[in-house]
Amino acid sequence: MAGEKQTLDGIEALLSWAAQIGISDSSSPNSSPSSSCLGHSLFISDFPDAGGRGLGAARELRRGEMVLRVPKAALFTTESVISDPEIASLMERHKHLSPIQRLIVCLLMEVNKGRSSKWYPYLSQLPRDYTTLSNFTVPEIKAFQVEDAIWAAEKAVEKTKSDWRGSLALLNELELKPQLLNFKSWLWASQTVSSRTLHVSWDEAGCLCPVGDLFNYDAPEEPVLLEHDEVGVASKSCSLNCSVDAVNASNERLTDGGYEESSSSYCFYARRRYKQGRQVLLSYGTYTNLELLEHYGFLLPENPNEKAFIKLEPDLYKITSYDIESLYIQPDGIPSFALLCALRLWSTPVSCRKNCMHLVLSGSQVSVQNELQVLNWLAKRCYETLQDLPTTIKVDKIVVNGIDALQRGKARIDFRDLGPALEEFKKFFEELNLKFENSESFVIDMMPIRIRKSLERWRLAVEWRLAYKSVLFKCFCYCKEQIDELSWS
């Protein structure tokens with residue numbers, strides 16, 4: 001209870017501080033001062049099934065309506081932090097550092113000031129840890145099983161370590177507290193920057209946006225034209241006298257957010273209609289689940305932008321003009337347009353490819369025989385990929401359920417419930433120096449925080465590989481269905 005009260009007090013202090021520096025959820029720039037920056041359009045709440053702490057609609061919101069305005073002076077950027085000429089001079093001597101490294105250093109500098117930092121109410125409410133790929137340990141990375149995901153995680157970890165090593169000289173010159181010089185502090189700061197910065201034109205690293213970074217993520221939607229009754233709202237929010245066509249032309253800008261020179265503020269807009277009490281979401285861009293995990297530390301159960309990649313024949317890459325990133329399987333198991341075209345061309349005899357190119361590029365079948373060859377190859381590759389992975393979809397579901405039981409506070413694991421997933425549990429807990437005894441159950445008393453965090457990351461890895469395998473299985477079934485239809489026609 002004391003912890004909950006402390007959190008609530010911290011949030012109230014954040015919202016009060018934000019109001020003082022001009023952050024407001026009122027579309028009127030001349031709104032009267034308040035003890036909180038929220039209450040007119042938004043409120044902070046917990047959304048356990050949709051990202052945790054986030055922003056909800058304090059009233060009914062219309063699409064295109066401004067819901068939050070954060071003035072430039074409130075944005076945490078390298079420029080806004082480096083006001084001391086001596087520190088600016090130190091930074092200048094380390095030009096080799098990237099803009100992102102410099103922003104991370106600035107964040108650690110402000111943390112070093114403690115309560116004397118003007119950003120303290122904001123910094124004190126930042127997460128204490130993250131579940132981004134850079135935080136994954138070796139056993140947790142192995143749990144992905146899929147080569148591409150393992151490589152992405154290992155690369156993220158090494159990149160973070162490399163950036164830290166490259167910044168150590170500057171950190172030491174700044175005479176920060178010893179605990180802020182270690183990799184653990186750098187990891188926290190770097191992942192704060194990775195997961196919470198927003199784009200601004202004047203700094204490649206972006207900015208940390210107090211209160212604005214509380215919006216949880218929603219995948220981008222297909223562009224939808226504003227209705228006539230929404231045009232007035234959108235026009236008023238943007239201080240524009242626009243026609244329906246003009247507002248719809250700038251629809252993308254109106255339904256998310258960005259820095260606006262006209263008001264010297266970062267402005268956020270409702271991307272759809274929201275009923276009172278519903279969570280208001282923000283699209284950060286188009287990401288696969290692995291990319292979301294790398295930069296933000298979460299997965300979307302239903303991600304329309306998800307892509308499953310399989311190993312293709314080397315000579316296939318040589319004959320297609322499509323980018324490698326476009327050769328994937330969609331979440332519904334259907335191969336992407338580019339992958340299907342590439343496979344059709346690759347399956348066509350070399351001597352016939354030139355004559356068939358127009359059919360391939362239009363998305364048409366070359367012939368029934370060619371289509372059967374493509375579908376059989378794709379089905380076989382999906383099947384072989386699934387067979388080569390250490391666990392099955394069924395086992396992965398058991399692992400996820402077992403982890404969920406532990407996260408819900410069930411400290412006793414019955415071995416009989418784990419079945420074929422038992423070995424993975426044993427190996428994972430042994431890596432954490434928790435030994436399984438020769439009995440029918442495993443008990444964890446007062447599970448330490450480090451184990452709870454490791455369980456969270458392990459679950460994300462298993463959840464990702466389960467989704468990947470499910471897409472491949474759907475593709476296998478899709479190919480078989482298409483083969484049956486073509487064989488009967």
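How many bridges pair β3 and strand β8, and in which sense, parallel or antiparallel? In this predicted model, β3 and β8, the latter spanning residues 265-269, are joined by five bridges in the antiparallel sense.

## The sheet

Within that pairing, Arg69 has Cys267 of β8 as its bridge partner. The two strands belong to an open sheet of three strands, which runs in the order β3-β8-β7 with antiparallel pairing. Because β3 (66-71) and β7 (257-260) each have a single partner strand, they stand at the edges, and one side of each is left without a neighbour in the sheet. From one strand to the next, the twist averages 20 degrees.

## A buried helix

Helix α14, which covers residues 337-346, has nine of its 10 residues buried and is therefore largely enclosed by the rest of the structure. The buried residues are Ala338, Leu339, Leu340, Cys341, Ala342, Leu343, Arg344, Leu345 and Trp346. Among the elements that cover them are α13 (314-319), α15 (353-361) and α16 (368-388).

## A packed helix pair

Helix α17 (residues 393-407) packs against helix α19 (residues 422-431) at an angle of about 50 degrees, and their axes lie 10 Å apart. Because an angle that falls between 35 and 65 degrees counts as oblique, α17 is described as oblique to α19. The crossing of these two helices is right-handed.

On the α17 side the contact is made by Val399, Gly402, Ile403 and Leu406, while α19 contributes Glu424, Phe425 and Phe429. By residue class, this contact of α17 with α19 comprises five nonpolar residues, one polar and one charged.

Note on methods
Residues numbered from 1 in each chain as written. Predicted model: local features only at pLDDT ≥ 70, side-chain atom pairs only at ≥ 80, totals over all residues. Heavy atoms only, no water. Buried < 20%, exposed > 50% of the residue type's maximum accessible area, 1.4 Å probe, protein only. Helix = DSSP H or I, 4+ residues; strand = E, 2+ residues; numbered from the N terminus. Contact = heavy atoms within 4.5 Å. Pairing = 2+ DSSP bridges. Axes fitted to C-alpha atoms, helices over the stretch in contact; angles between N-to-C directions. Parallel < 35°, antiparallel > 145°, perpendicular 65-115°, else oblique. Left-handed = near helix turned anticlockwise from the far one by under 90°. Nonpolar A, V, L, I, M, F, W, Y, C, P; charged D, E, K, R; others polar.
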